[in-house]
Amino acid sequence: MPLIARGVKTKIKIGQIGSGHAHASGKLAAIRNLSDDFELVGLAQPREAANSPIPGSGVYRGVRQMSEEKLLATPGLQAVTIETEVPHLVAAAKRAVGAGLHIHHDKPGGTMLGDFRELLRLAKRKDVTVQMGYMLRYNPAFQFMYRAVRDGWLGQIMEVDAMMGKMASGSLRRELERYDGGGMFELACHLIDSVLHVMGKPAKVHAFTRRTQDDGVADNQLAVLEYATATATVRCNHRDSFGFPRRRFQIAGDRGVIEIRPMEPGNQLELSLAEARGGYKKGTQTVKLPGRRGGRYDGEFADLAKVIRGEAKLAWSYEHDLNVQETVLRAAGMPVK
């Protein structure tokens, strides 16, 4: 990417497709916050929902609105965020990647594994980045945990125990009703992404689903992921009045344990070590971490800017993302095809 002045890089032209995803406004806010890196050219609804209104207030105020076709044809456009409703994510992503654009693809990777596999194959042929919107990847506590596991602080990993829940509102339950996999599919995919980042693809996945209300929504779920010498349990409970403070990720090896609770904002964790490592003492201690810079999703887009400019390599591969999507579907008890 050429320089326009000493030490100043040209801005990356980026657009957004969709406002229907639960994270859509937050992702748009992150792009607008990082105005030194990005030039926001506009927002469009996906072809499948072209007549859906785009909000005009809050973070959407002042954003140029246009058709998807016009957005993708914008001269100099380099990247697009895909923030449609979940059923439209992969189709919109394919069109953006087909146009040779890098994408930020919000979670999860659609409802059909085959469609997501085709998207990644197309991205590989086009040599463009697919950054999945799993927000825990850029959470300071999770980044600390990734590094500790990678550097062997915890020894051989024996178990992972993770939980992510909330008390679902009526509107959220109506949204979850669209997916047979319920909250495990729509929310706990964040946890599964992190489990696979440190443990790899599981040998087997077992799904346990309970539907506690008359609407039939899968709202109390457990998945058990089997590994050669370890197991991982992932829970998702949408009937939990204390779901946010109880969200946790605990990983235990034969030389140490890390517990992240609560998971956000990710500015502390509990570390237990059988021996001193990395400047931390033997025994159990609370580790205080620097908070996020900016908003909840700013780290994702700061990294995406570096990847697009060739200054960094995305730490998550096409293969990883495909394995995550397959595991999410299995964990949610959904068809894998």
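Predicted model: local features only at pLDDT ≥ 70, side-chain atom pairs only at ≥ 80, totals over all residues.

Visitor: Are helix 4 and helix 11 roughly parallel or roughly antiparallel to each other?
Guide: Helices (H or I, at least four residues) and strands (E, at least two) are DSSP runs, numbered from the N terminus. Axes are lines fitted to C-alpha atoms, for helices over the stretch in contact, and angles run from 0 to 180 degrees between N-to-C directions; under 35 degrees counts as roughly parallel, over 145 as roughly antiparallel, 65 to 115 as roughly perpendicular and the rest as oblique. The axes of helix 4 (residues 113-126) and helix 11 (residues 318-331) come within 10 Å and cross at roughly 175 degrees. That makes helix 4 and helix 11 roughly antiparallel.

Visitor: Which residues make that contact, and how do they split by class?
Guide: Contact means heavy atoms within 4.5 Å, and here Leu-113, Phe-116, Arg-117, Leu-120, Ala-123 and Lys-124 of helix 4 meet Tyr-318, Asp-321, Leu-322, Gln-325, Glu-326 and Leu-329 of helix 11. For the classes, Ala, Val, Leu, Ile, Met, Phe, Trp, Tyr, Cys and Pro count as nonpolar, Asp, Glu, Lys and Arg as charged, and the others, Gly among them, as polar. The contact of helix 4 with helix 11 comes out as seven nonpolar, one polar and four charged residues.

Visitor: How are helix 5 and helix 8 oriented to each other?
Guide: The axes of helix 5 (residues 140-150) and helix 8 come within 10 Å, crossing at roughly 20 degrees. Phe-142, Met-145, Tyr-146 and Val-149 of helix 5 touch Ser-194, His-197 and Val-198 of helix 8, a set with five nonpolar, two polar and no charged residues. With that angle, helix 5 and helix 8 are therefore roughly parallel.

Visitor: How many of the residues of helix 8 are buried?
Guide: Buried means under 20% relative accessible area, exposed over 50%, and partly exposed in between (1.4 Å probe, protein chains only). Among the buried residues of helix 8 are Cys-189, Leu-191, Asp-193 and Met-199. Helix 8 (residues 189-199) is mostly covered, the buried count being ten of its eleven residues.

Visitor: Where do the buried residues of helix 1 sit around its axis, and what do they pack against?
Guide: Ala-24, Lys-27, Leu-28, Ala-30 and Ile-31 are the buried residues in helix 1. They cover an arc of only 155 degrees around the axis (taken from the directions from the helix axis to the C-beta atoms), so they are on the same side of helix 1. They pack against strand 3 (12-17), strand 4 (38-44), strand 5 (79-82), strand 6 (102-105) and helix 10.

Visitor: At what angle do helix 1 and helix 10 cross?
Guide: The contact involves Lys-27, Ala-30, Ile-31 and Asn-33 of helix 1 together with Asp-298, Glu-300 and Phe-301 of helix 10. These two helices are oblique to each other. The axes of helix 1 (residues 24-33) and helix 10 (residues 298-309) come within 9 Å, and the crossing angle is roughly 55 degrees.

Visitor: Is Ile-14 buried or exposed?
Guide: Ile-14 lies in strand 3. Its contacts beyond four places in sequence include Ile-31, Leu-40, Val-80 and Phe-301. With a relative accessible area of 0%, Ile-14 is buried.

Visitor: What is the phi of Asp-127?
Guide: Asp-127 is in the loop between helix 4 and strand 7 (130-132), and at 64% relative accessibility it counts as exposed. Although Asp-127 is not a glycine, its phi is positive, at about 60 degrees.

Terms used: Residues numbered from 1 in each chain as written. Heavy atoms only, no water.
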